[in-house]
Amino acid sequence: MVPMARALPGEIQPGKCAPGRPGHTLSAVELSPIIAPSILASDFSRLGEEVRAIEGAADWVHVDVMDNHFVPNLTLGLPVVQSLRKATAIPFDVHLMITDPQRWAPAYAEAGAYNVTFHAEACDDPVALAKTLRAAGSKAGLAIDRDTPVEPYLELLPYLDTILIMTIKAGFGGQAFMPEMLDKVRDVRRRAKVNNLEIRIEVDGGIAADTIEQAAEAGADAFVAGTAVYGAADPAEAIRKLRGLAARAMGVA
Ligand SMILES: O=C(CO)[C@@H](O)[C@H](O)COP(=O)(O)O
């Protein structure tokens, strides 16, 4: 039997009535915003504490796995994710910036990740891997790096739960947001709307108080923020501020 993908605690489901809006049915575009702080910007010597500091404020914790092959940077891998999983109940949004994701991605699903995203540029058969991830119990995400057009992947949206549009070149935190990447977000949102698909459109890179609204207006509804959260004096407050800005821009405040 194929296990069901884990449900996200507290997430508003499309098709259900929005709280406070009796009779109104949510469409995919009206999902409440997801704020996913990236632990890449946290203090790695205190990972457990850093993740617990955003409990109750963050929707997902974004875990950047880099292998120094797919990207020129090296972060953490499966043993760290397995240990960290025990330290918090926040759903894990694992972003694999690795070559050969077919080999490693299912293990992250088995380790309890809520969503596992792999890169289009690193995978020959994204549909097969998405199916494997769903069968392993996680949501399936496809990431599109800065220099990759999204058009060839629009046909794959029905097989995906998340599409992650990089708004920087993958590999390092703290880079400047690239607004020109938002055309990809618009393309995905248009296709999702036409085909009535329930897919999260996630943006990653340079997301902060001065950039999140334009990403939300373009159609994004999940926002990765590293520096803007872990570089703030009060990470939980920074998340609340980002959520408010995104929700207003999405028209769901
Ligand atoms: O995937 C990546 C980097 O490749 C990101 O998740 C960064 O960690 C985002 O950091 P900020 O731009 O928000 O500082």
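1. Two strands count as paired if DSSP finds at least two bridges between them. Helices (H or I, at least four residues) and strands (E, at least two) are DSSP runs, numbered from the N terminus. The model is predicted: local features need pLDDT of at least 70, side-chain atom pairs count only at pLDDT 80 or more, and totals for chains, interfaces and linings use all residues. Residue numbers start from 1 along each chain as its sequence is written.

2. The sheet. Eight strands form an open sheet with parallel pairing, in the order β1-β8-β7-β6-β5-β4-β3-β2. At the edges sit β1 (34-37) and β2 (61-66), each pairing on one side only. Neighbouring strands are turned by 20 degrees against each other on average, direction ignored. Axes here are lines fitted to C-alpha atoms, for helices over the stretch in contact; angles run from 0 to 180 degrees between N-to-C directions.

3. Overall counts. The protein has eight helices and eight strands. Of its 253 residues, 45% are buried, where buried means 20 or more other C-beta atoms, placed from the backbone, within 10 Å of the residue's own. Among contacts with a separation of 6 or more, 62% join residues 24 or more positions apart. A contact requires C-beta atoms, placed from the backbone, within 7 Å.

4. Strand β2 runs parallel to β3 (residues 92-97), joined by six bridges. D64 stands opposite H95 in β3. With helix α2 (residues 78-85), β2 and β3 make a right-handed β-α-β unit. Right-handed means that, with the strands pointing away from the viewer, the path from the first strand over the helix to the second runs clockwise.

5. Strands β5 and β6. Residues 139-144 and 162-166 pair in the parallel sense over four bridges. L142 stands opposite I163 in β6. Helix α4 (residues 126-135) packs on the sheet, touching β4 (115-119) and β5. The direction of α4 makes about 145 degrees with that of β5.

6. Ligand shell. Of the 21 residues around the ligand, S38, L40, G173, G226 and T227 come nearest. A residue is near if its C-beta atom, placed from the backbone, lies within 6 Å. β2, β8 (222-225) and α7 (227-230) each supply at least two shell residues. By class, the shell has eight nonpolar, eleven polar and two charged residues. Ala, Val, Leu, Ile, Met, Phe, Trp, Tyr, Cys and Pro count as nonpolar, Asp, Glu, Lys and Arg as charged, and the others, Gly among them, as polar.

Key
Contact = placed C-beta atoms within 7 Å. Buried ≥ 20, exposed ≤ 12 C-beta atoms within 10 Å, placed from the backbone.
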